[in-house]
Amino acid sequence: MSDLTQLGVRAIRDGVAGGEFSAREVAEACNAAVAEAGALNAFIVTTPERALEAADRADSARSAGETLGPLAGVPIGMKDLFATRGVQTTAASHILEGFVPQYESTVSQRLWDAGAGMLGKLNLDQFAMGSSNETSYFGNVSSPWRRAGSNAALAPGGSSGGSSAAIAARLCPAATGTDTGGSIRQPAAITGICGIKPTYGRCSRWGIVAFASSLDQAGAMARSVEDCAIMLEAMAGFDPKDSTSIDMPVPGWTKALDASLAGKRVGIPREYRMDGTDAAIVASWDQGIAWLKDAGAEIVDISLPHTNYALPAYYIIAPAEASSNLARYDGVRYGLRDLPAGANLQDMYAATRAAGFGEEVKRRVLIGTYVLSAGYYDAYYTQAMKVRTLVARDFIDAWARCDVILAPSTPNAAFALGEKLADPLAMYLNDVFSVPASLAGLPAMSVPAGLDEAGLPLGLQLIGQPFDEQGVLDAALAIEQRAGFTAKPERWW
Amino acid sequence: MMSTYRIHGATGEWEVVIGLEVHAQVTSNAKLFSGAATAFGAEPNAQVSLVDAAMPGMLPVLNRECIRQAVRTGMAIEAQINRWSRFDRKNYFYADLPQGYQISQLYHPLVGEGSLAIEADEKAGIAEDKLIGIERIHVEQDAGKLMHDQHPTMSYVDLNRSGVALMEIVSRPDMASPAEAGAYLRKLRAILRYVGSCDGNMEEGSMRADVNVSVRKAGEPLGTRTETKNVNSVRFVMQAIEHEARRQVEVLEDGGRIVQETRLFDPGSGTTRSMRSKEDAHDYRYFPDPDLLPLELDQAFLDECRASLPELPDAKRRRYESELGLSSYNAAVLTAEVETARWFEALLLASATAQGKPPAELAKQAANWLISELFGALNKAGHALEDSPVTPERGAELLALVGKGTISGSIAKQVLETMLETGDAPAAIVEREGLVQESDTGAIEAAVDEVLAANPEKLAEYRGGKDKLFGFFVGQVMRAMSGKANPQVINEVLKRRLG
């Protein structure tokens, strides 16, 4: 029997359903891989028993001849931003260390209902704030990838860096991610896997620890486009508990997957040709254009004129919302409480939040508090919201000329741990290609396109029209088929 | 006409300018953004959902019923209803505020400009009817409650109120005396109760007022105002205004200036004291709540809100006068509180059925009985109308007995008292106690003759021109017949005998 950890979602599901192997065998293989991969620090908590329970359910359902769910027998990783009943949920923060929810997030519940099992809670940047996974209170995740001829530890991207590392290292076939400004696409790109963020509102935010409510969106990460489609189909759907959830049926994306792009127009935004982008990234983008042309698409030059303003606007809006969303972590009802001797209520807040939040979280709470303050609100927040409208309008104008947009996912391949930590602006610039689609609430995906000269993965990004996840997945599939990306990190852990 | 209320200071007379922000708890089974219950008096933290406790990842979902109630309230004060409104977060830290922000409506409130009429009340110094402007009504969450008396060194938090829906009803600074403010509050409370959007129980905290007061010399621009927070009775609001206006006049006349500040009212002393000044006021960092979509109301929703509005006090009062022929005083008394009007209308309907007459013909009798008999008797027995042991139907039976001449009005009083004590039906009481009115002319003639024979001097005086003694003879006859004689028949017989 082949190594079950090498299999993807579809292969595991079909193998279990077809009796080639049992779900328990898969869960055991993945549990073992997870247990051996401590050096990656991809998981904050492991839950092997949960994976086994779900596997046993799938196996007995199969022997009883019952209909199996679309993810029956598939063990997955759960980003530790999703509340999981009875399992510690921390958002990789000290302030929520030891917090065990009595409720299950809508998205994770849907996955369990589809038959998936949980291997554990995946590490991330603290409160999903970061692009390198270095802001986690539980230590950084290491990418399984290394530059050719180097032992330097690389960042797995962020904030869904535990997810990307675990999938790239074959600890799990798929995982959940969340994307606020690129937190699915950027880590997927630099670890050589696929990651899709659907249209804002497709996935319920209920039970996901909030970072920036108007931007946060759950999505799927896996090693193939089809596996992402299967995962996302299980995750998406209307939820009356989330007022921003969209009351629309979830299409059968997986079944409809079609890599033939005849009649499709692919937009190439000229503003994304930015100074400071790696030559390898530019080259892979050009290669992607050629592949899509080969798939039958018409390539059109488009303009997204407000692209340059998207990143600054994002770094006002997201911290503004975060400063308010994180106010609930105050030491009063749950989580960390730091109550120095003789402290009053204000002292307790200050001590708790000083001890409970990491530097990056504090930085964003301070920025957010500042931009919402009397006298600054109009200059920053109101202005940023206007920019957001203009960025969204750029895309609306573009859809008159094209059906889907092709762009790089990131301006560079994986960087070394510590490389950008001291320079927040350099770190923030990693989101430059992913943030515009987030501001506009559009579905977007990163798909592996190849390796750079150091042997590190590069990703290409597809951005689609609202609710056209299908268009994004189809174009990504066309690239996947042509890129033939089979590289995987050499095991060192 | 301007109010004549003035503060008499050392340097002359000062006018008072008053605006009220009333927080009214929306009558609804569930909270504004969570499914938790809202009943008063539950065990601490028994009505708290995950949303109310602001657990990680919890999201607000708007309760349409709360919006419906606020819209109906807006319609009742003839206000503009904004078909597009939005919720904002008001950010501040406090232990009774789990989210660290209150969801409110700063920039785009649900209800815009409206107004409310207060009636002339000479005794209170309100010379004529006056329209008080209402700037807006917005909907927001209430906070929880801190309990400082449960532990020597710690405070406890009760989140039962956390997330309960409030309407904040903001008046224009159109009131010029404590009496006007009192009248405004009572009228507003009456309207809320008519509409059914708030129970108006100030002592339970479901209605409370922030009182804005400033003073000025006649003709001068508005002075700096202070805001006295969370005053929870009409009387306290009037006291707070009185005290605050006098305090401001004293400060100004002593050469000081008024600082814009938040003050607290102390019901014990009837005074206000400073809580915090504007300088150290919070910066609430309001911004649109990204968890909620803008609230858009469609025509069908608005139509339903309007169709479900009851007849409101002003309209009802006018109808009582024009259709039922009630005096304006009686109409005002009967419509001032929705419970009274409901009781009266039930009484009238039951009376019409019992006596087979149109309501308009019975309205005066019913109104007079309710106001001068029932209110007094309930008061004496320590009951409110809401918990009256006598139902409108029983009241109608009693009035029917009087109407048919079975008992006299004075016997009816006696029967009512027994009804209040025993809860028995009036007919049964009359029967049991032998109170049926004597209308038999023969028996009354005999009693009249006896009375006249027993009082020869009075008879002579009457005949000598002392007309007033007629009443004396009526009373004597009535007494001789234990109050059961039909007074009309007594009158007729007496007139014949004396005439």
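## Val107(A) and the build of chain B

Setting aside neighbours within four places in sequence, Val107(A) touches Phe82(A), Cys203(A), Ser204(A), Ala218(A) and Met235(A). Please keep in mind that this is a predicted model. Below, we start with that valine and then turn to chain B.

**Around Val107(A)**
- Helix 4 of chain A, spanning residues 106-113, is where you will find Val107(A).
- Val107(A) has a relative accessible area of 0%, and because buried means under 20%, Val107(A) counts as buried.
- Asp239(A) sits 132 residues from Val107(A) along the chain, yet 9.5 Å separates their C-alpha atoms.

**Overall form of chain B**
- You can trace 15 helices and 16 strands in chain B.
- With a radius of gyration of 29 Å, well over the 23 Å from the globule rule for 499 residues, chain B is more spread out than a compact globule.
- Along the principal axes, the C-alpha atoms of chain B occupy a box of roughly 90 × 55 × 55 Å.

**Domains of chain B**
- The chain splits into domain 1 (7-304), domain 2 (311-432) and domain 3 (441-498).
- Between the C-alpha centres of domain 1 and domain 3 of chain B there are 64 Å.

**Packing and surface of chain B**
- Of the 499 residues in chain B, 52% are buried.
- Taking contacts in chain B between residues at least 6 apart in sequence, 68% link residues at least 24 apart.
- Chain B exposes about 22,500 Å², with 50% of that supplied by carbon and sulfur atoms.
- Chain B carries 55 positive and 72 negative side chains, and the centres of these two sets are 2 Å apart.

Key
Residues are numbered from 1 along each chain as its sequence is written. Chains are lettered from A and ligands numbered from 1 in the order in which they are written. This is a predicted model: local features need pLDDT of at least 70, side-chain atom pairs count only at pLDDT 80 or more; totals for chains, interfaces and linings use all residues. Side-chain values use heavy atoms; hydrogens and water are left out. Helices (H or I, at least four residues) and strands (E, at least two) are DSSP runs, numbered from the N terminus. The radius of gyration is taken over C-alpha atoms; the globule rule is 2.2 Å times the number of residues to the power 0.38. Buried means under 20% relative accessible area, exposed over 50%, partly exposed in between (1.4 Å probe, protein chains only). Contact means heavy atoms within 4.5 Å. Accessible areas come from the Shrake-Rupley method with a 1.4 Å probe; for residues, only the protein chains shown count as cover. Lys and Arg count as positive and Asp and Glu as negative; His and the chain ends are not counted. The place of a charge is taken as NZ of Lys, CZ of Arg, CG of Asp or CD of Glu. Domain bounds come from an automatic or database domain assignment.
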